[in-house]
Amino acid sequence: MNRDWMSVWYTPDADDHIAYISLERIAEIGGALLPNWTAHQITQGNAKLAQWCRVNCKTPGTPVNVRGRYGWAFKHLDDAVLFKLTWG
């Protein structure tokens with residue numbers, strides 16, 4: 001998983017739907033015990049989220065950093081809503 005998304009701001013397209021999620025929550029999904037989490041656990045969390053997206057979404061999303069707010073970008077609104085209801 002490419003970590004450039006953490007440092008490069010993403011400019012959403014008109015058809016992008018962003019489901020925001022905190023880095024703490026991503027690390028928790030990756031197995032972190034809060035509040036002590038690492039970049040490795042964020043990577044692990046994103047890997048688990050990507051695997052979940054491949055199984056449950058029409059089009060897999062991608063992790064993004066929108067002006068300092070982290071989340072996942074989806075092309076279909078129902079994928080973003082399902083993601084947020086499951087992981088948010």
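Okay, so Asp16: setting aside neighbours within four places in sequence, Asp16 is in contact with Tyr10, Phe74 and Lys75, where contact means heavy atoms within 4.5 Å. Before I go on, this is a predicted model, where local features need pLDDT of at least 70, side-chain atom pairs count only at pLDDT 80 or more, and totals for chains, interfaces and linings use all residues. Residues are numbered from 1 along each chain as its sequence is written, and side-chain values use heavy atoms, with hydrogens and water left out.

Back to Asp16, then. You'll find Asp16 in the loop between helix H1 (4-7) and strand E1 (17-20); helices here are DSSP runs of H or I with at least four residues, strands are E runs of at least two, and numbering goes from the N terminus. Is Asp16 buried or exposed? Asp16 is buried, at a relative accessible area of 10% (buried is under 20%, exposed is over 50%, partly exposed is in between, with a 1.4 Å probe and protein chains only).

What does the side chain of Asp16 make polar contacts with? One goes to the side chain of Tyr10, at 2.5 Å, and another to the side chain of Lys75, at 2.6 Å. A polar contact is a pair of N or O atoms within 3.5 Å; within protein, one must be able to donate a hydrogen and the other to accept it, and residues adjacent in sequence count only if both atoms are side-chain atoms.

Next, the strands. Four of the five residues of E2 (residues 62-66) are buried, so E2 is largely enclosed by the rest of the structure. Five bridges join E2 to E3 (residues 69-74), and the two run antiparallel; pairing takes at least two DSSP bridges. Val64, for one, has Gly71 as its bridge partner in E3. The hairpin has two residues between the strands, and Arg67 takes a positive phi near 55 degrees there.

Last up, the helices. H3 (residues 39-56) and H4 (residues 77-87) pack at about 130 degrees, with axes 11 Å apart. Axes are lines fitted to C-alpha atoms, for helices over the stretch in contact, and angles run from 0 to 180 degrees between N-to-C directions. That makes H3 oblique to H4 (under 35 degrees is roughly parallel, over 145 roughly antiparallel, 65 to 115 roughly perpendicular, and the rest oblique). From H3, the contact involves Leu49, Trp52, Cys53 and Asn56, and from H4, Asp79, Leu82, Phe83, Thr86 and Trp87. Thr86 is partly exposed, with a relative accessible area of 38%.
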